[in-house]
4 protein chains.
Amino acid sequence: MQLGIVGLGRMGGNIARRLTKAGHACVVWDRNEDAVKGLAAEGNTGASGLADLVARLDAPRAVWVMLPAGGPTEATVTELAALLAPGDIIIDGGNSFYKDDIRRAASLIEQGIAYVDVGTSGGVWGLERGYCMMIGGAKAAVDHLDPIFAALAPGRGEIALTPGREGRDKRVEQGYMHAGPAGSGHFVKMVHNGIEYGLMQAYAEGFEILKHKDSTALPENERFSLDMADIAEVWRRGSVVSSWLLDLTAIALTKDDTLGDFPGEVADSGEGRWTVMAAIEEAVSAEVLSAALYTRFRSRQEHTFGEKMLSAMRFQFGGHTEFKK
Amino acid sequence: MQLGIVGLGRMGGNIARRLTKAGHACVVWDRNEDAVKGLAAEGNTGASGLADLVARLDAPRAVWVMLPAGGPTEATVTELAALLAPGDIIIDGGNSFYKDDIRRAASLIEQGIAYVDVGTSGGVWGLERGYCMMIGGAKAAVDHLDPIFAALAPGRGEIALTPGREGRDKRVEQGYMHAGPAGSGHFVKMVHNGIEYGLMQAYAEGFEILKHKDSTALPENERFSLDMADIAEVWRRGSVVSSWLLDLTAIALTKDDTLGDFPGEVADSGEGRWTVMAAIEEAVSAEVLSAALYTRFRSRQEHTFGEKMLSAMRFQFGGHTEFKK
Amino acid sequence: MQLGIVGLGRMGGNIARRLTKAGHACVVWDRNEDAVKGLAAEGNTGASGLADLVARLDAPRAVWVMLPAGGPTEATVTELAALLAPGDIIIDGGNSFYKDDIRRAASLIEQGIAYVDVGTSGGVWGLERGYCMMIGGAKAAVDHLDPIFAALAPGRGEIALTPGREGRDKRVEQGYMHAGPAGSGHFVKMVHNGIEYGLMQAYAEGFEILKHKDSTALPENERFSLDMADIAEVWRRGSVVSSWLLDLTAIALTKDDTLGDFPGEVADSGEGRWTVMAAIEEAVSAEVLSAALYTRFRSRQEHTFGEKMLSAMRFQFGGHTEFKK
Amino acid sequence: MQLGIVGLGRMGGNIARRLTKAGHACVVWDRNEDAVKGLAAEGNTGASGLADLVARLDAPRAVWVMLPAGGPTEATVTELAALLAPGDIIIDGGNSFYKDDIRRAASLIEQGIAYVDVGTSGGVWGLERGYCMMIGGAKAAVDHLDPIFAALAPGRGEIALTPGREGRDKRVEQGYMHAGPAGSGHFVKMVHNGIEYGLMQAYAEGFEILKHKDSTALPENERFSLDMADIAEVWRRGSVVSSWLLDLTAIALTKDDTLGDFPGEVADSGEGRWTVMAAIEEAVSAEVLSAALYTRFRSRQEHTFGEKMLSAMRFQFGGHTEFKK
């Protein structure tokens, strides 16, 4: 089927490629002209702007917006809404905050336009492996787009089906899921990313404990010099902590077990923050997900005001001098 | 080759079975006579006691102790040491504290007995899938036991080799690793379990946030009723959070997505605690691993003294009455 | 001077009392007629409704709203705004979210009405000890209300002045502070409460560790049976952890060191949550303040879905049976 | 009465001074001869070594050891034990690990020597304000030393007695407490310091949130530029978070509200670590005390291996480039 795609970065471009390969017809646009030309050369139809993109699609139209969350997505959705007609569908495949989805869907439906939010996991590996998708929106629109989702999803592959799933939604087994009304797709993806932060931090802390087992602060007969890359590799094979993130960790550690190329200043996207905020709204204790987020905050600072205050208090009550040299 | 096995519970019994299937000759003993009889009927040699077990092995003997950490393991290692001769090997395959391994190895080597500690991951699935093993001890002893480890390990299987491993230790690719001197096997396994706690807690918090998204405390248009089992299943397929623990979670949620059979009082084994203590000794910040441990502590109490103290303070300063009804 | 007071609960009533005692003239109203009658009998002027209250004040009028944050405060501020005239002042002395203050102040100033937000600490002890106040709003309005604030504040008392404060704002030394524009008063109060959660939790954890030092899980020669009330009392005298919260803790523990009247289900007001959300917005790591909040969330549940999931995973990989009895 | 004091640093020297001022006779020694000379000039008797110090005391002798915990204290206690006679008392006033106290007391009592452990809080202010003391040891020895403790303690002063204490141990009201058998004094002091870490961290996080409320990452109308020193000062006066630590914070912030002299690398003494370890032994959830400890660990590192691992994983799955510049 036909699909318009706006935003041809790392994710949007690969989505177009995967769809084209599966026989779908993509009309693509990006403010970066080279990206449009590149994809046009790969069999997609390049558009010269949003209006042109809309004009090149047959009704009912479906346009996938794959842009940074916040301003860029908001502006594009608004502009598209003015160009589209009742019966058309806007898909937000980025990382929007789910409350923005709820608001947009409620507003667009008044114009007869359906809004579908798709949380997409798989990163740079998605082109090859397929994308795991969590989808929110009205049933009719999600069903209409099914060929698109089926082509983007990884499919059953070699991953065994969980026992007892007989008779349940087949789409889930292909790697995509209609989670509920608009916003629910990005909500599930948001929590997915919150969990991802937690998993990453669990590995990071564990490997740091392994790494520093050779610390001279320890008694000499209790020190071990451990091989980080071998540990990651062996755990991939039959252990309880095996996972895709561990596979990736093994790749990084095998390349350079000092990880010397990375300074250790770790970015955070909105989803980690929103997950903690959702936990607070629901009065759910989310110690691990919060701690994982805070570690990233801390990683980007040299020293915090709070730490200086600790030193200042220690100086006041104990005469401990932790002064600048 | 020949191996003595002491302790025929869930783990020890399956280890004997997997070794016998691979053509090794196991002499087994347990204080539970039925366990001995059962394994004897499956082709192992049953012994009537530790002395008998030792007598039935040819020198140099190797005895695998698979008992609960602490008292039972300590007593058996001590008793075995008195029965064995220089050149023999004691293997502790349980979950001993690595400092106990260091102490035991130093003491046994004075008698010429080698001590090998094996951290074993794989749980009840190990019989079929093989065991991931982290091994500490002197090189000669570990090399001597290689046929045993090779038979217990999962082998390469379908898990792709990490790029760049060419020329590195082949055993690691089979799922077992000689980590270093005595104690290092259990140390790596200990951190493995610490990470396991963290991973489990990350999923647990995430699913709890998903579950309570239908809370009536939320604005009505922001509530979703989400399908826990479908979410677990879809994330197994192409998402960043896919893992073996998620596979197992999907099994549990597909069977009963309320998890109503489980009261939620979660045990902790020594390794989670020791991992946090190791972090403190090394001055490593282990927020996530600690929080995962503390959640288990808290899960086993009705209400804590600390929580009552919070209520008491609130009553004192604010007149807030959080009294017993 | 004259002040209207709306909301005569524990806080509003005592504020009227303290002001009357200081010679100010309060016109009071509450939807609870008995509360109005009671305060009228103590020398305040009772009003029969908001309109009557406004009518009984001379311009420029000042009305102190002391109601639960959210709906009740919002409704009253809106209603008052319709009754008041340019030059009048609305004071929100409750625990409003500071972003609501910012919004309200921006809206009211278009009508010429000033909005002042006052974060008030001191609890049920404030009548006697005075209230610590953190004030946000335009300078003219805050200055106009100074006699009110001065009467409510504790005053210098016996608390020594911090060295180096010569020449700084004298109001601060009396226990009240003009923090900045509208919203800043409640923001500072919000963080105050976030810190309060953290301090309370630090004591709660410490006393719980002291309490359980007699646990039979410990080696017999490492057990102590410690006197909670004596420890609280002795720490009030010269120790680094002395504080007003500890004074209150000592009162509670001296009365009943089992705290048996308190079930341990601890409420949380909005401010603890908002503080964590503010930390996230600012990318500040707030481990302790979050943990203190989460402990309260957890205290109000029997068992969490997350904990059941941990048991379910343990059953899946290890055969650990943590089933319902 | 007579007291030997070994270790004349910041704490030991002031203890001698406070005792001499109260009419007690101190025999002092330190390996630093100038410290001995200085205190001799202030009315104490200087000794030339441990043997000389013991020789200058009348039986039953009491010697207060005020040295760094671990090696120095252990060596001195051992040496003293060889010089003393049955009926004598060794007092460890430092920050020893309470399990060392239990061990030493059990060993010394075989020689008839009593061992008393004194946890001492008050820091550099103790000379003037007195020391809060938590004492462990046999009743006879603690009672014998009462004149010493009474002179070191702050006394009742102006701190009101907690209601309901009538008929309870009067020593507690003077600021010292016989907590229980040997080790219990240092155990209570250890938890005291654990709480201290938590309290400090709560303030530190709160002030950091206040400080960064002017961050340009926030919407412009939600930014406040707040006065740190004024906030600390106002909270000292009637607020729920008033405490001695806040008094000290106010001093530091009034002097320099940027705290620019402090780099923010915060040391930790053993007691914070031991408190968390005690919590783990007792299966008590100690989120806040752990987080406070971990913050200090983290403050002393530039970037952690764990943080680099997070970047490495992000690069692997998302192509996120957080490389070294």
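## Packing and contacts in a predicted model

Me: How are residues, chains and ligands labelled, and what pLDDT do local features need?

Reply: Residues are numbered from 1 along each chain as its sequence is written, chains are lettered from A and ligands numbered from 1 in the order written, and side-chain values use heavy atoms, leaving out hydrogens and water. As the model is predicted, totals for chains, interfaces and linings use all residues, side-chain atom pairs count only at pLDDT 80 or more, and local features need pLDDT of at least 70.

Me: How many residues are in the largest nonpolar core?

Reply: A nonpolar core joins buried (under 20% relative accessible area, 1.4 Å probe, protein chains only) Ala, Val, Leu, Ile, Met, Phe, Trp, Tyr and Cys residues through side-chain atoms within 4.5 Å. Trp235(A), Trp235(B), Trp235(C) and Trp235(D) touch the most other members. The core's residue count is 256.

Me: What area is buried between chain A and chain B?

Reply: Buried area is the accessible area (1.4 Å probe) that two parts lose on being put together, summed over both. Here carbon and sulfur atoms give 68% of the total, which is about 7600 Å².

Me: How many salt bridges link chain A and chain B?

Reply: A salt bridge puts a side-chain nitrogen of Lys or Arg within 4 Å of a carboxyl oxygen of Asp or Glu. Arg165(A) forms a salt bridge with Asp230(B), with the closest N and O atoms 3.0 Å apart. The count between the two chains is 8.

Me: Is Thr162(B) buried or exposed?

Reply: Thr162(B) touches residues of chain A, including Arg236(A), Ala250(A), Ile251(A) and Thr254(A). A contact of 2.5 Å joins the side chains of Thr162(B) and Glu233(A); this is a polar contact (N or O atoms within 3.5 Å, one able to donate a hydrogen and the other to accept it, and for residues adjacent in sequence both must be side-chain atoms). With a relative accessible area of 2%, Thr162(B) is buried.

Me: Which peptide bond of chain C is cis, with omega near -10°?

Reply: Look at the loop between helix H3 (50–55) and strand S4 (62–65) of chain C, where Pro60(C) lies; helices (H or I, at least four residues) and strands (E, at least two) are DSSP runs numbered from the N terminus. The cis bond runs from Ala59(C) to Pro60(C).

Definitions and conventions:
Buried means under 20% relative accessible area, exposed over 50%, partly exposed in between (1.4 Å probe, protein chains only). Contact means heavy atoms within 4.5 Å. Lists of a residue's contacts leave out its neighbours within four places in sequence.
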